[in-house]
Amino acid sequence: MSNSDTKGTMEVAAVEKQDKERIARAALARLMEPQDSVGLALVRAVGPIDALGVATGELAAGPRLEQEISALLVDEGGPASWAGLPASLRRWAPRVSDLAPDRDLETMRRLGGRLIVPGDGLWPEQLGDLGLQEPLCLWWRGQEQPLPAARRMIALVGSRDSTSYGASVTGDFAYGLAQRGYTVVSGGAYGIDAHAHRGALSGGASDLPTIAVMAGGVDRFYPSGNDDLLRAVSTQGAVISEVPPGSAPTRYRFLQRNRIIAALASVTVVVEARWRSGALNTANHAESIGRVVATVPGSIHSANSAGCHRLLRDGGAVCVTDVGEIAELAGGMGESTSEERSTDAAVHDGLALEDLLLLDALPVRSTSSVEKLAVVAGLSVDAVRAGLGRLGLMGLARSERGAWKRDKNT
């Protein structure tokens, strides 16, 4: 056999192994719940193909494998003690008969989606920061394109029963971040999540303005009231999940998927959260893997902001009030170059106090009258007119039909 024939044979064998590993991960995703520490340690120890064989009882497991799993659990911060592999095998056994990875993969193909696994070119490397809790795979519904690095992703999360204040803030943040080329990550739920996705879709300046991380299968959008929104997200962005098609979005899985939201983004912003809120769970995940956590202050009388104030009081979060502050936090992970930062600073250099107040008062998305700007900025109408003239000459403001807005390039 020639060298070229040998090389070709090896390449075919490598592709076949990759396909088998993909199928094995698809099966394991249905067999095991997300964050199943023992199952994930088993995959880490012997690889997905043999892990599937052990988990389904086709391959025998001896004491040496149990010792290796125990060591991995200790090293990765898992449970110090566990019931042993036989107990896990009994736990997985009821699902073995339901395994049909080829069917699940065909469902994704029919939806125009795909399955991605660690090692794929599309796999988001930042999920590796989860250590042993890195997902086995991701079921992806949307255009086939690489996910951005963590420094280009921002998570916006919060209460399902958001207030008008939370909705407004989230929409403005998401729109502004998307305008700057960031990808907004959220969970596809009602409330803050939905406003985050809508704002990002409206302001999208990149190929992937927003990502929804689902608690159930991506074949059925949940909640049903967000069907149209999630369909738009899957068309213009991506809808992903670590559980296979047909999986129900249980309460436990909502908490599990929060770690993925936190790991994808460089900054997690909690816009509104009650004292006990799933959004705080996302913030805890973010903090545990070294991500930046930020939150928005609200009224001291609003129960929807109690969790945000708790994060601030406990020192676990940075207070943010505009898009620029969030982008600056993302810069801590290398988001912007020194040249970009100096350009941003130069925009405001030399402005008088009145012009700075007026610039802050100018809306980004809509326009505002001179009279309204005077109220917002706390300036006289004459001072606003004069200031708008100066800001207009500097390219910081522009007029549309007699009303004014901030220039989109500033």
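Contact here means heavy atoms within 4.5 Å. The model is predicted. By that contact rule, tryptophan 92 touches Leu31, Met32, Asp36, Val38, Gly39, Leu42, Ala55 and Leu85, leaving aside residues up to four places away in sequence. Tryptophan 92 is also among the residues that touch the most other members of the largest nonpolar core.

**Nonpolar cores**
- The largest nonpolar core holds 41 residues.
- Leu28, Leu42, Ile69, Trp92 and Trp139 touch the most other members of this core.
- Eight named helices each give two or more residues to it: α1 (3-31), α2 (37-46), α3 (48-55), α4 (63-75), α5 (85-96), α6 (101-110), α8 (192-203) and α9 (227-236).
- A second core is separate and has 34 residues, including Leu208, Ile260, Ala263 and Ala273.

**Helix α3**
- Six of the eight residues of α3 are buried, so this helix is largely enclosed by the rest of the structure.
- Its buried residues are Pro48, Ala51, Leu52, Gly53, Val54 and Ala55.
- Ala55 is also one of the residues that tryptophan 92 touches.
- Glycine 57 follows α3, and its phi is positive, near 85 degrees.

**Serine 37**
- Serine 37 lies in helix α2.
- Buried means under 20% relative accessible area.
- Serine 37 counts as buried because its relative accessibility is 17%.
- Serine 37 touches Leu73, Pro79, Leu132 and Gln133, again leaving aside residues up to four places away in sequence.

Conventions
Residues numbered from 1 in each chain as written. Predicted model: local features only at pLDDT ≥ 70, side-chain atom pairs only at ≥ 80, totals over all residues. Heavy atoms only, no water. Core = buried A, V, L, I, M, F, W, Y, C linked by side-chain atoms within 4.5 Å. Buried < 20%, exposed > 50% of the residue type's maximum accessible area, 1.4 Å probe, protein only. Helix = DSSP H or I, 4+ residues; strand = E, 2+ residues; numbered from the N terminus.
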